[in-house]
Amino acid sequence: MPTPYLAVDRDVLDRNLESVADLAHDRSLWIRPHAKTHKCPEIAERQVQLGAVGLTVATVSEAETFTTAGFDDLFIAYPVWARGRSGERLRALAEKTRLRVGVDSAEGAHLLGRALRGTGAEAVVEVDSGHHRSGASPDQAGDVALAAAAAGLRVVGAFTFPGHGYGPGRRRAAAAQEAAALDAASRELRAKGIEATVRSGGSTPTLEMSDTSVLSEIRPGVYAFNDAQQVELGSCGWDDVALSAVTTVVSRRHDRFILDAGSTVLGADQPSWTSGAGRLPDHPQARITALSEHHATVEFPDGRPALSLGDRVRVAPNHVCSAVNLSDELVVFSNGEIVDRWRVAARGANQ
Ligand SMILES: Cc1ncc(COP(=O)(O)O)c(C=O)c1O
């Protein structure tokens, strides 16, 4: 097969899905995996078979794709701005599927209420637990919830994304802040007469540390495939990485090797704490020291290069969600044989 392409090891994928499904089951947490990682109905189907209560998505388009594929319980964990056509599409979705939508402001709640009133769709207040992205501060959660209720929505709880756990040594503290924020938000909702039956958190790095005395639900996404970031954070090992880009060594200059996959295949995510622009699972000592659109530069710090021109080399992207979003299909392997091809159905579903 010509390179580069994205390969999925179905056996590793299955093991990852099963182990987190077991973790959720053992700790009495609902699991609602984030489907933005794989964007494939085939994987979502397996997650539901393993006990997922529904799926999490990031956009109205992703919700539409998974509804069309037959999924009937979706949470858009995002403060959707439901004006105009977006509001109409949300309403159409709510008429076909069980729908939950995030909200983090009174203005956003007003638009959501106009779009969804009378459909039975539920609202979940997003709170910021330290990632400082979207989300109201926990002490404002009650006011946002009241605005949503006044706009005609049924408010069922609060959610947060502990994305600040993405950093060396930050996982445990982020999980504690996630629980504290959800607990505070639940108390604020209760003070306004609204019971937070949904207390939804979760990211892949923090899922093991989820505080079950507070959280009711986790929404990890990356755990399905894992990636170079998760290995470098210590959330998984190389044997748990289920997706890699298969590349060819196309050029060599002294002790530097050039692979035929760059940012158009691997994605460009490179947080400052990562060791490079992805990793080579079969050569953990190697580093990707530069990335352009169609080239990855590999160096071996120990000075003992282990590659030759024409070799096939697996690369684990830093952030697997970004890599998947750049590919039309995933080539599925089991025991070294191609067993399937999955279309990345929600690829580019950004609106
Ligand atoms: C709102 C939300 N929930 C859940 C997740 C899943 O977390 P992870 O990607 O660490 O698996 C994300 C990821 O970006 C997210 O933004």
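## The largest pocket

The largest pocket in this predicted model has a volume of about 590 Å³. A pocket is an open set of points on a 1 Å grid over the protein atoms alone, where a 1.4 Å probe fits and protein lies on both sides within 12 Å along at least five of seven lines. Grid points are joined across faces, edges and corners, and the volume is the space filled by probe spheres set on the points.

The lining holds 29 residues, each with an atom within 4 Å of a point. Closest to the centre are His34, Lys36, Arg133, Phe161 and His319. Eleven lining residues are nonpolar, 13 polar and five charged. Here Ala, Val, Leu, Ile, Met, Phe, Trp, Tyr, Cys and Pro count as nonpolar, Asp, Glu, Lys and Arg as charged, and the others, Gly among them, as polar. Domain 1 (12–224) and domain 2 (230–343) both give residues to the lining, so the largest pocket lies between them. The domain bounds come from an automatic or database assignment.

## The second largest pocket

The second largest pocket holds about 270 Å³ of space. Its lining has 19 residues, and Ala7, Asp9, Ser244, Arg314 and Phe333 lie nearest its centre. Eleven are nonpolar, four polar and four charged.

Three strands each supply at least two lining residues: E1 (5–9), E10 (243–253) and E15 (329–334). E1 gives the largest share, four residues. Strands (E, at least two residues) and helices (H or I, at least four) are DSSP runs, numbered from the N terminus.

## Around the ligand

Which residues are closest to the ligand? They are Arg133, Tyr166, Thr204, Gly221 and Val222, among 14 that surround it. A residue counts if one of its heavy atoms lies within 4 Å.

The protein covers 93% of the 390 Å² of accessible area that the ligand has on its own. That area comes from the Shrake-Rupley method with a 1.4 Å probe.

## Backbone details

Thr3 and Pro4 are joined by a cis peptide bond, with omega about 0°. Pro4 sits in the segment before E1.

Lys39 is not a glycine, yet its phi is positive, about 60°. Lys39 belongs to the loop between strand E2 (30–31) and helix H2 (41–49).

## Basis

Residues are numbered from 1 along each chain as its sequence is written, and side-chain values use heavy atoms, without hydrogens and water. Local features need pLDDT of at least 70 and side-chain atom pairs 80 or more, while totals for chains, interfaces and linings use all residues.
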